[in-house]
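Visitor: I am new to this structure and would like to learn how to read it step by step. Could you show me where to begin?

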Amino acid sequence: MGSLCKVVDTLLLVAFLAAFLMVPLICAQTVLQETCFPEALIHLKQCYSDDFQDYLMAEKPHFFVALVWLELTFQWPLALLNIYGILASKSWFNTTCLIYGASVITSVSAVLGELIGSHKASEKLLQLYWVFMGAGVVAMLRGLVPQSSKTPIIGKRPAAGMGRKKRA
């Protein structure tokens, strides 16, 4: 079970790092003025929108704008905390992971409902949002599993001999 948790934590670390980068650099362009971003990031968002045919990024419906604000103000800080929690093996990681997962599942459910119901979404866009949903489910489930050890994934290892009793 411990090695499975390490694999799941590593996958979640990748997902949290992706969110840590994508939300402020790409998603924030939906709610903030373009003048706040360098031309390269604006071009990157446009390439994404064109490649995935993401009509929500282009049309900016009110519910989607609200969900992007949720990402920026709530989910992004949690992703940052979860990155630190995984790397430092913090005891509160399960709680923040559970909260993050529940929030992602809730917001992605609303987006998937729109994408599926509107029949406007490309297959590629639907697949991307199903990946987001899967990451949310994994994060939520990981939050329900107790931590198996205090050994961080990356970083310090326990010193040799620290567990031994001193002999007189």
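Visitor: Is Arg142 buried or exposed?

Guide: Keep in mind that this is a predicted model. The cut-off for calling a residue buried is under 20% relative accessible area, and Arg142, at 5% relative accessibility, therefore counts as buried.

Visitor: Which residue forms a salt bridge with Arg142?

Guide: Side chains of opposite charge can pair when their charged atoms come close. Here Asp9 forms a salt bridge with Arg142, and the closest N and O atoms are 2.6 Å apart. Because Asp9 lies in helix H1 and Arg142 in helix H6, the pair ties together parts that are 133 residues apart in sequence. Asp9 is also buried, with a relative accessible area of 9%.

Visitor: How many salt bridges does the structure hold?

Guide: The structure holds three salt bridges. One of them joins Lys124 to Asp51, with the closest N and O atoms 2.9 Å apart; since Lys124 belongs to helix H6 and Asp51 to helix H2 (residues 39–52), this pair ties together parts that are 73 residues apart in sequence. Lys124 counts as partly exposed, at 36% relative accessibility, and Asp51 is partly exposed too, with a relative accessible area of 44%. Another salt bridge links Glu59 and Lys120, whose closest N and O atoms are 3.5 Å apart. Glu59 lies in helix H3 and Lys120 in the loop between H5 and H6, so the pair ties together parts that are 61 residues apart in sequence.

Visitor: How should I read a helix, and which residues of H4 are buried?

Guide: An α-helix has 3.6 residues a turn, so residues three or four places apart point the same way. In H4 the buried residues include Phe64, Leu67, Leu72, Gln75, Leu78, Ala79, Asn82 and Ile86, and the buried residues of this helix pack against helix H1 (2–25), helix H3 (55–59), helix H5 (93–118) and H6. Helix H4 (residues 62–88) reaches 38 Å from its first C-alpha to its last, close to the 39 Å expected, and it bends by about 40° at Glu71. After H4 comes Ser89, which has a positive phi, near 55°.

Visitor: Which residues form a nonpolar patch on the surface?

Guide: Val137, Leu141 and Leu144 form such a patch, with about 260 Å² of accessible area together. Leu141 is found in helix H6 (residues 123–144) and is partly exposed, with a relative accessible area of 48%.

Visitor: How many helices and strands are there in the protein chain?

Guide: The protein chain has six helices and zero strands, and 36% of its 168 residues count as buried.

Key: Residues numbered from 1 in each chain as written. Predicted model: local features only at pLDDT ≥ 70, side-chain atom pairs only at ≥ 80, totals over all residues. Heavy atoms only, no water. Patch = residues over 30% accessible without salt bridge, like charges linked within 9 Å, V, L, I, M, F, W, Y side chains within 5 Å. Areas by Shrake-Rupley, 256 points an atom, 1.4 Å probe, with all protein chains shown as cover. Salt bridge = Lys/Arg side-chain N within 4 Å of Asp/Glu carboxyl O. Helix = DSSP H or I, 4+ residues; strand = E, 2+ residues; numbered from the N terminus. Buried < 20%, exposed > 50% of the residue type's maximum accessible area, 1.4 Å probe, protein only. Expected span 1.5 Å × (residues − 1). Bend = angle between axes of the 7 residues up to and from the residue. Contact = heavy atoms within 4.5 Å.
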